[in-house]
Amino acid sequence: MRDTILRKLTFDLGKSRAGALDRDWFIATALAVRDRVVEPWLKDMRATYETGQKQVYYLSLEFLIGRLLRENISNFQLTTEVSAALASLDVDAKKVFGSEPDAALGNGGLGRLAACFMESLASLQIPAFGYGIRYDHGLFRQVIRQGWQEEYPEEWLQFGNPWEFARPEIAHRIGFGGTVDEVNGEDGEPRQVWKPGETVLAVAYDTPIVGWRGKHVNTLRLWSARAADPLQIDAFNRGDHIGALSDRVRAEAISRLLYPSDDSPAGLELRLRQEFFFSSAALQDLIRRHIRVYGGLETLPDRVAIQLNDTHPAIVVAELMRILLDDHGMDWNTAWRTTQATISYTNHTLLPEALETWPVSLMERLLPRHMQIIYLINAVHLDAVAAAHPDDTALLASVSLIAEDQGRRVRMGNLAFVGSHKVNGVSALHSDLLKKTVFRDFNMLYPGRITNKTNGITFRRWLQQCNPCLTELLVESIGPDFLDKPDALTALKPLASDAAFQQRFAAVKRVNKEALAALIRREVNIRVDPAAIFDVQIKRIHEYKRQLLNLLETVALYNEMRAQPHREYAPRVKIFAGKAAASYHRAKLIIKLAHDIARTVNRDPTMRDRLKVVFLPNYNVSLAEMIVPASDLSEQISTAGMEASGTGNMKLALNGALTIGTLDGANVEILEHVGAENIFIFGLTTEQVAHRRAEGWKGQDSIDLSPRLQQALEAISSGVFSADDPNRYGDLVRMLREQDHFLVTADFDSYYDMQRKVAQRWSKPAEWHKCAILNTASMGWFSSDRAITEYAQEIWQVPVKG
């Protein structure tokens with residue numbers, strides 16, 4: 001390994017040992033490790049086709065894979081070898097690992113779930129391809145200036161990506177616009193021929209995904225957009241040097257950024273172009289491979305399982321129909337049976353705005369043939385519904401693929417539903433709500449199609465790699481079985497009351513908290529006490545996730561500490577991290593509020609370090625790997641019925657954090673596994689939330705009953721935390737007094753009271769440590785290996801070997 005790293009440094013990077021930077025050592029080490037991966041990777045791909053195994057194709061707009069060096073050497077059992085090789089070269093392994101940029105391929109839970117699932121697919125030896133987009137600049141790099149979020153491009157590809165293999169020979173032509181002509185086929189029947197007005201190339205880049213113990217290696221294939229003609233030479237020679245590149249700029253915009261703002265018509269069109277681009281490329285790619293190996297498409301459902309990760313790739317339904325009908329001459333009924341039998345769909349949200357819809361006019365202009373197919377799918381579908389339920393126009397309107405109210409729009413969730421043989425939610429509560437709310441009528445029409453597959457996380461990344469000290473303690477205490485079988489963590493339960501083990505468990509937590517405290521000092525220049533409660537809310541900034549509720553409790557606690565300084569308070573550090581969408585102005589205002597509160601609280605000498613507020617910028621996987629092992633309290637406080645599942649709740653509980661949360665998403669199942677005495681549940685239930693909203697809920701109703709909340713809101717609205725602009729938060733507070741759609745004020749008192757119970761539990765260290773240990777011991781069921789096994793057995797019909 002040492003010699004290979006040196007060869008890579010010399011002959012691939014052209015660097016000497018003396019002149020090599022930490023980044024150079026990272027690239028050389030990654031290339032050396034990659035060499036070990038390639039042979040089994042190629043062997044596994046070859047074996048898949050030789051044995052005729054069914055393959056899973058996981059389509060996701062996001063893959064938040066983070067750094068791969070530590071994961072690959074861990075999964076390939078090379079950690080000791082690589083560390084020893086670097087040490088023999090007088091190179092600091094920690095600096096090498098830290099030099100790897102996070103792959104900017106996702107934003108939050110959706111993308112991280114896809115990454116966990118890809119790792120579990122490989123660990124369970126299920127042949128799979130992940131398909132997505134190779135974003136040049138990711139979502140954005142978050143920079144905080146004077147408390148405001150600013151967005152800058154991620155430069156993760158600036159020095160290349162040593163894990164990927166460019167495949168310029170694999171470039172699929174993706175069409176947009178144009179016309180659809182009717183011609184007579186060889187059988188004399190009319191056929192539709194799409195003649196795109198614009199063509200973009202989708203060029204493949206492959207990254208091997210290594211499973212645990214190197215049992216199997218799968219492929220993450222990401223597509224980069226390229227212009228079919230990168231330069232208009234005539235225009236260039238006429239002196240129009242910028243115009244000559246216009247086609248290239250337009251094409252390459254597709255893979256520039258994740259989630260470009262859709263506030264403008266151009267931005268909306270770019271979003272749709274992105275989704276069709278990678279969906280079409282994936283289908284062309286897998287069909288090309290299938291035909292090469294198996295000859296025809298009659299066996300497609302027997303050899304291919306396509307999983308849509310949310311509605312972003314829902315256009316796959318229409319595109320697969322187009323390919324089967326137009327390119328391969330299948331009749332409609334056979335093509336539809338093939339499509340439904342091949343595709344399944346994971347829904348991740350109950351939020352209406354996240355169930356994508358596209359203006360019909362945009363679809364007809366950008367994808368004219370697909371709109372023809374969608375119209376016909378809808379006609380056949382509605383005919384069947386009308387035959388079974390005559391004269392029920394409300395039902396027809398509900399299940400139509402075209403929404404006729406507020407402008408005609410294509411409902412991508414409905415398209416994904418009718419085009420799939422299985423539709424799953426991602427927690428028991430979420431799946432139940434799917435049946436009762438957004439897909440209620442579909443569930444009545446197609447009973448049994450909706451199923452539940454609760455999310456999971458890979459313990460390799462979120463325990464072994466991010467918390468090696470805890471992993472070492474667990475192996476020493478209960479043996480190594482849990483490394484392969486997460487359910488074996490239950491062997492830890494008898495030790496939860498053992499005083500000596502509690503001290504060792506707490507010592508590991510303290511080491512992790514000291515490391516996070518050092519990072520906080522380094523990144524935002526705030527000193528925090530590792531002996532305090534590290535109270536953590538790390539997730540995308542969104543109103544339904546209710547960072548605002550956390551901030552209101554912070555202000556209320558601050559007010560109480562100032563009014564009654566003689567009382568005993570559990571010292572607490574409130575730690576926030578997360579990005580707000582670039583065009584989500586209220587979420588960005590909440591980030592500003594967090595910084596204004598932090599500035600005021602952290603500078604107040606009367607606090608005496610008993611309360612600190614920290615916002616860590618540019619939240620990503622690597623930052624999460626520092627925060628999660630150091631957390632004491634996990635904030636999972638979304639409005640009940642709004643969070644589909646959550647996976648941060650699982651990562652934090654696995655690492656010994658206690659959860660404070662509502663009965664939302666996977667919190668319900670965490671409660672079932674850890675026990676009510678080891679979790680802090682507060683707030684309205686899903687049914688109560690629905691009832692309040694139906695009554696015409698107003699936030700002022702709760703505010704009038706809560707003097708503590710009144711004082712907190714008054715402090716915020718009067719400029720206590722924003723002396724430079726006293727009216728900055730007037731509209732925000734006004735929203736809470738009036739609509740308060742996410743019922744922040746309704747849950748405030750319950751949340752505040754539960755936080756005081758948290759403080760009481762913290763004051764009894766033995767009780768706290770026991771609860772923390774039982775959380776870790778109870779999380780085995782939340783492994784992504786369990787989730788993928790359920791998908792494999794109940795949806796994809798593929799064997800599991802791992």
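Guide: Asp327 is partly exposed, because its relative accessible area is 48%; buried means under 20%, exposed over 50% and partly exposed in between, with a 1.4 Å probe and protein chains only. The model is predicted, so that local features need pLDDT of at least 70 and side-chain atom pairs count only at pLDDT 80 or more, while totals for chains, interfaces and linings use all residues. Residues are numbered from 1 along each chain as its sequence is written, and side-chain values use heavy atoms, with hydrogens and water left out.

Asp327 belongs to helix H11, residues 316-327; helices (H or I, at least four residues) and strands (E, at least two) are DSSP runs numbered from the N terminus. From C-alpha to C-alpha, Asp327 lies 9.0 Å from Val193, although 134 residues separate the two in sequence.

The next part to consider is the sheet. Its 9 strands form an open sheet with mixed pairing, in the order S5-S8-S9-S2-S1-S10-S11-S15-S16; two strands pair if DSSP finds at least two bridges between them. Strand S5 (165-176) and strand S16 (450-452) are the edge strands, and each has a single partner strand, so one side of each is left without a neighbour in the sheet. On average, neighbouring strands of this sheet are turned by 25° against each other, direction ignored. Strands S1 (residues 55-59) and S2 (residues 128-133) run parallel and are joined by 4 bridges. Within this pair, Leu59 stands opposite Tyr131 in S2.

Helix H6 (residues 109-123) touches S1, S2, strand S8 (198-210), strand S9 (217-227) and strand S10 (304-309), and its direction makes about 55° with that of S8. Helix H9 (residues 265-294) touches S1, S2, S5, S8, S9 and S10, at about 115° to the direction of S5. The axes are lines fitted to C-alpha atoms, for helices over the stretch in contact, and angles run from 0 to 180 degrees between N-to-C directions.

The spaces within the model complete the view. On a 1 Å grid over the protein atoms alone, a cavity is a set of points where a 1.4 Å probe fits but cannot get out; a pocket is an open set with protein on both sides within 12 Å along at least five of seven lines, and lining residues have an atom within 4 Å of a point. Points are joined across faces, edges and corners, and a volume is the space filled by probe spheres set on them.

The second largest pocket has a volume of about 1,600 Å³. It is lined by 44 residues, of which Arg67, Arg70, Gln465, Glu625 and Met626 are closest to its centre. Elements giving two or more residues to this lining include helix H3 (69-75), helix H19 (459-465) and helix H24 (621-627), and H21 supplies the largest share, 7 residues. The lining of this pocket has 20 nonpolar, 13 polar and 11 charged residues; Ala, Val, Leu, Ile, Met, Phe, Trp, Tyr, Cys and Pro count as nonpolar, Asp, Glu, Lys and Arg as charged, and the others, Gly among them, as polar.

There are 9 cavities of 30 Å³ or more. The largest cavity holds about 140 Å³, and its 17 lining residues include Glu100, Ala103, Trp156, Asn161 and Trp163, which lie nearest its centre.

How values were computed. Contact means heavy atoms within 4.5 Å.
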